[in-house]
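Hi everyone, thanks for coming.

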Amino acid sequence: MALPLLRSFHDLRTQGDACVLASVVQTEGSTYSKMGSQMLITATMQLRGLLSGGCLEVDLQERARQVLATGAP
């Protein structure tokens, strides 16, 4: 996890805020982010970092809502 993202995670956890870590595990062709890229999505759906030019973030926020509600990745 990159240092700015790690700091964000630490700040969120210190404040007691829940968050979800989204990670790129595989890509094909030309992509905005490469394998290993990560971002945090907070319980209030704030984004820390980006994995795409904006087109995937809405889908990732919905998935993060499900993870936060169920605790299952």
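Start with β2 and β3, which pair in the antiparallel sense over two bridges. Strands pair here if DSSP finds at least two bridges between them; strands (E, at least two residues) and helices (H or I, at least four residues) are DSSP runs, numbered from the N terminus. Within that pair, I41 stands opposite L47 in β3.

Before we go on, this is a predicted model: local features need pLDDT of at least 70, side-chain atom pairs count only at pLDDT 80 or more, and totals for chains, interfaces and linings use all residues. Residues are numbered from 1 along each chain as its sequence is written, and side-chain values use heavy atoms, with hydrogens and water left out.

Zooming out, three strands make an open, antiparallel sheet in the order β1-β2-β3. Its edge strands are β1 and β3, each pairing on one side only.

Now to α2. Which of its residues are buried? They are E57, L60, Q61 and A64, where buried means under 20% relative accessible area, exposed over 50%, and partly exposed in between (1.4 Å probe, protein chains only). Seen down the axis of α2, these buried residues fall within an arc of 100°, so they line one face of the helix; the arc is that of the directions from the helix axis to the C-beta atoms. The face turned away from that buried side carries the exposed residues V58, R63, A69 and T70.
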